[in-house]
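We will go one stop at a time, picking residues and looking at what surrounds them.

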Amino acid sequence: MRLHDDIHNYYEKIVVEEIIKRQLDKQYNADVMADFCCTVLNQLPPRYIRFDIDMAFYLPVQERLHMEERVNTAIEVAISQIAKKQVINE
């Protein structure tokens, strides 16, 4: 078994979906996005899975909504932190 190929954190999928939805990847360069993703994911609890389809099938709707709310809050915090860094660097 190779750990990195067999399991992943489900929050990563939700974070990427929200980044694409908000088009944040078009606002920041790759270096900033890497830091941004780390900042977002470090605020969230890990939720390791093997297959996304299992989460889609077994995850209650209310829990999925709660996860999405947590991701949105974490993204807002990360955006705020990036804005502060940009002010300091100017």
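Helices here are DSSP runs of H or I with at least four residues, strands are runs of E with at least two, and both are numbered from the N terminus. Keep in mind that this is a predicted model.

**Stop 1: the whole chain**

Turn the model about its principal axes: the C-alpha atoms fill a box of roughly 45 × 30 × 20 Å.

Now show the surface. The accessible area comes to about 6500 Å², and carbon and sulfur atoms own 56% of it. Of the 90 residues, 26% are buried. If you count contacts with a separation of 6 or more, 83% of them involve residues 24 or more positions apart.

**Stop 2: the nonpolar core**

Select Tyr10, Phe36, Val40, Leu44, Met67 and Val71 and show their side chains. These are the residues with the most contacts inside the largest nonpolar core, a set of 20 residues. Which elements give two or more residues to this core? They are H2, H4 and H6, and H6 gives the most, with six residues. In soluble globular proteins, nonpolar side chains tend to be buried together.

Stay with Val40 for a moment and display its surroundings. Beyond its neighbours within four places in sequence, Val40 is in contact with Val15, Ala74, Ile75 and Ala78.

Next, pick Glu18, which is found in helix H2. Is Glu18 buried or exposed? Its relative accessibility is 11%, and the limit for buried is under 20%, so Glu18 counts as buried. Leaving out residues up to four places away in sequence, Glu18 touches Val71, Asn72 and Ile75.

**Stop 3: the charges**

Colour the charged side chains. There are 11 positive and 15 negative ones, and the centres of the two sets lie 2 Å apart. Side chains of opposite charge can pair when their charged atoms come close. In this model the count comes to seven salt bridges, and we will visit some of them.

Select Lys13 and Glu17. They form a salt bridge in which the closest N and O atoms are 2.7 Å apart. Why can these two reach each other along the helix? Lys13 and Glu17 are four residues apart in helix H2 (residues 10-22), so about one helical turn separates them. Lys13 is partly exposed at 31% relative accessible area, and Glu17 is partly exposed too, at 34%.

Move to Arg22 and Glu76, another salt bridge, with 2.5 Å between the closest N and O atoms. Arg22 lies in helix H2 and Glu76 in helix H6 (residues 61-89), so this pair ties together parts that are 54 residues apart in sequence. Both ends are partly exposed: Arg22 has a relative accessible area of 25%, and Glu76 has 43%.

Then select Arg47 and Glu63, whose side chains meet in a salt bridge at 2.4 Å, N to O. Arg47 sits in the loop between helix H4 (30-42) and strand S2 (48-49), while Glu63 is in helix H6, so the pair ties together parts that are 16 residues apart in sequence. Arg47 counts as partly exposed at 28%, as does Glu63 at 30%.

Salt bridges that share partners join Lys13, Glu17, Arg64 and Glu68 into one network. Glu68 lies in helix H6 and is partly exposed, at 28% relative accessibility. Draw a distance line from Glu68 to Glu17, C-alpha to C-alpha: the two are 9.9 Å apart in space and 51 residues apart in sequence.

**Stop 4: a backbone detail**

For the last stop, select Gln23 and check its backbone angles. What is the phi of Gln23? It is positive, about 60 degrees, although Gln23 is not a glycine. You will find Gln23 in the loop between H2 and helix H3 (24-27). At 44% relative accessibility, Gln23 counts as partly exposed.

Definitions and conventions:
Residues numbered from 1 in each chain as written. Predicted model: local features only at pLDDT ≥ 70, side-chain atom pairs only at ≥ 80, totals over all residues. Heavy atoms only, no water. Buried < 20%, exposed > 50% of the residue type's maximum accessible area, 1.4 Å probe, protein only. Contact = heavy atoms within 4.5 Å. Areas by Shrake-Rupley, 256 points an atom, 1.4 Å probe, with all protein chains shown as cover. Lys, Arg positive; Asp, Glu negative; His and termini not counted. Charge placed at Lys NZ, Arg CZ, Asp CG, Glu CD. Salt bridge = Lys/Arg side-chain N within 4 Å of Asp/Glu carboxyl O. Core = buried A, V, L, I, M, F, W, Y, C linked by side-chain atoms within 4.5 Å.
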